[in-house]
Amino acid sequence: MGVCVLARFVNGVCEQIFHGVGHHDHLVPLAAAPWTNPYTDVTEGRWYSEAVRFVTENGLMSGFGDGTLGPGQPITRGQVVQILHNREGRPSVNYLMQFEDVPSGAWYAEAVRWAASEGVASGYSSDTFGPGDHITREQLAVMLWRYAGS
């Protein structure tokens, strides 16, 4: 009996897809490491709880400062660009941002700056981004398409 790790390369990054123990053709997945759910509004065993664990452990989402994630709430344009910015490792960019509705000290400001500089997201106009607006399906589709390299 030995340990087996199956992986694949995605965009030059090795991604583990199975980790288990077994003998020849009979593999048993190793138990996942224990996780302490940091959110008061995410119940273990819900259909989305493993996804919440994934986005939390991978630094994509961290919830609100009050210990909640808001799983039933709509998402905003600012939150989406922050998630994508987190996915990229939160790179700093030197880009003059002219959106009057994005204060320089806002938690999403650097994400908006990055998204605008990379062409991932644009504003409604040259001076309005709408970071607190709920994102529409077409806006999300365009951002994801651009993020993927359109």
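Serine 150 counts as exposed, at 57% relative accessibility; here exposed means over 50% relative accessible area, buried means under 20%, and partly exposed is in between, taken with a 1.4 Å probe and protein chains only. The model is predicted, so local features need pLDDT of at least 70 and side-chain atom pairs count only at pLDDT 80 or more, while totals for chains, interfaces and linings use all residues. Residues are numbered from 1 along each chain as its sequence is written, and side-chain values use heavy atoms, with hydrogens and water left out.

Serine 150 belongs to the segment after helix 4. (Helices, H or I with at least four residues, and strands, E with at least two, are DSSP runs numbered from the N terminus.) Although serine 150 is not a glycine, its phi is positive, at about 20 degrees. Arginine 90 also has a positive phi without being a glycine, in this case of about 55 degrees. This arginine 90 sits in the loop between helix 2 and helix 3, and with a relative accessible area of 51% arginine 90 is exposed.

The interior comes next. What is a nonpolar core? The term covers a set of buried Ala, Val, Leu, Ile, Met, Phe, Trp, Tyr and Cys residues joined through side-chain atoms within 4.5 Å. The largest one has 19 residues, and the members that touch the most others are Val81, Phe99, Val102, Val112 and Phe129. At least two residues of this core come from helix 2 (77-87), and at least two from helix 3 (109-118). Helix 3 gives the most, with six residues. Another core, of five residues, lies apart from this one and includes Tyr39, Val42, Tyr48 and Val52.

How many aromatic pairs does a search of the whole structure find? The search finds four, where rings of Phe, Tyr and Trp (its six-membered ring) pair if their centres lie within 6.5 Å, and planes under 30 degrees apart count as stacked, over 60 as edge-to-face and the rest as tilted. Phenylalanine 99 is in the loop between helix 2 and helix 3, and phenylalanine 129 is in the loop between helix 3 and helix 4 (137-147), so the pair links distant parts of the chain, 30 residues apart. Both are buried: phenylalanine 99 has a relative accessible area of 12%, and phenylalanine 129 one of 0%.

Tryptophan 107 and tyrosine 108 form an edge-to-face pair, because their ring centres are 5.0 Å apart and their planes stand at 90 degrees. Tryptophan 107 is exposed, at 55% relative accessibility, whereas tyrosine 108 is buried, at 14%.

Back at phenylalanine 129, arginine 77 lies over the ring face, 4.4 Å from the ring centre. Arginine 77 also lies over the face of tyrosine 124, at 4.5 Å from that ring centre. (A charge sits over a ring if NZ of Lys or CZ of Arg is within 6 Å of the ring centre and within 35 degrees of the ring normal.)

Finally, glutamine 79 is found in helix 2 and is buried, with a relative accessible area of 18%. A polar atom of the glutamine 79 side chain lies 2.8 Å from the backbone nitrogen of threonine 76. Not counting residues up to four places away in sequence, glutamine 79 touches Phe64, Pro74 and Trp107, contact being heavy atoms within 4.5 Å.

Notes:
A polar contact is a pair of N or O atoms within 3.5 Å; within protein, one must be able to donate a hydrogen and the other to accept it, and residues adjacent in sequence count only if both atoms are side-chain atoms.
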